[in-house]
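Okay, thanks for coming, everyone.

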Amino acid sequence: MNDSVFVRTGPGLSQGERVVDTFLAPSKTFTDILRSSSWWLPLVIMAVFTMASGFAIGKKVGWDAVAEQQMTKSPTAADRFEQMPPDQRTLAVNRVAKTMPFFTYGAFVIILIFVALHALLLWASFNFGLGAKTSFGQVFAVIMYAGLPKLFISLLTIILLFAGVGTDGFVLDNPVGTNLGYFLPSTMPALKAAGSFIDVFGLWSLALLVIGMAIISKKKIGSSAMVVVGWWVVGMLLAVGAAAVFG
């Protein structure tokens, strides 16, 4: 027998059991996706966490403060902002602040779009590159369950904000210090972007994604890691490049 992931069939898991097993016995969750590619519970949990974090941000930080931070988060943007007349700065901040709650509360919809694009890349890479026979729905479900550890970022954000920690200088797209980029100065945008990928919960999710894709594709862990981590590196390089050009 080769060293590919061994897949065992058995009684189906409930959605709740799948969520719990993602943290305690991930191979059980991902094996069960071969039976059913349902992923509604991770979506519900994601929606609850994103809405709760949005409420915490609005309550403890304020949308005007978040909007101004977003508009000045790079040295170039900060210079442009400072050159605007005071009345135009106020108008611009108010305009952005009015739209931010909609994007924050509805962040799970945006996340679903990115999950769909990610699933399409992995589905094509495994099926055409490695000769697997996965379905798009299976890949989508694996990404949804593998992404559950990232919800701890939202949980920590909520806890810290209500505890009064981190309200000053709050950064919407990197709210807590779970990654290296959080601790780097904004004057180093490329390194800050690269550091944001070295995240405790992000790397946990990456490891789960490697395991999950190996199971549903019935390929070796090494082959799965080559594809999954390869696309992760591509994403990091694109983010670093964008930060270097526009930061």
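So, reading along the sequence, the pattern is α-α-α-α-α-α-α-α-α-α-α-α. That comes to 12 helices and 0 strands in the protein chain. Keep in mind that this is a predicted model.

Now the overall picture. The C-alpha trace spans about 70 × 35 × 25 Å along its principal axes. Of the 247 residues in the chain, 37% are buried. If you take the contacts with a separation of 6 or more, 67% of them are between residues 24 or more positions apart.

Let's zoom in on helix α9, residues 151-162. How far apart should its ends be? With 12 residues at 1.5 Å a residue, α9 should span 16 Å, and its end C-alpha atoms are 17 Å apart, so that agrees.

Which residues of α9 are buried? They're L151, S154, T157, I158 and L161. These residues cover an arc of only 115 degrees around the axis, so they sit on the same side of α9. And what covers them? Part of the answer is α3, residues 40-60, which is included in the cover over the buried residues of α9.

One last stop: α9 is followed by G164, and the phi of G164 is positive, near 85 degrees.

Technical notes
Residues are numbered from 1 along each chain as its sequence is written. This is a predicted model: local features need pLDDT of at least 70, side-chain atom pairs count only at pLDDT 80 or more; totals for chains, interfaces and linings use all residues. Side-chain values use heavy atoms; hydrogens and water are left out. Helices (H or I, at least four residues) and strands (E, at least two) are DSSP runs, numbered from the N terminus. Buried means under 20% relative accessible area, exposed over 50%, partly exposed in between (1.4 Å probe, protein chains only). Contact means heavy atoms within 4.5 Å. The expected span of a helix is 1.5 Å times one less than its number of residues. The arc is that of the directions from the helix axis to the C-beta atoms.
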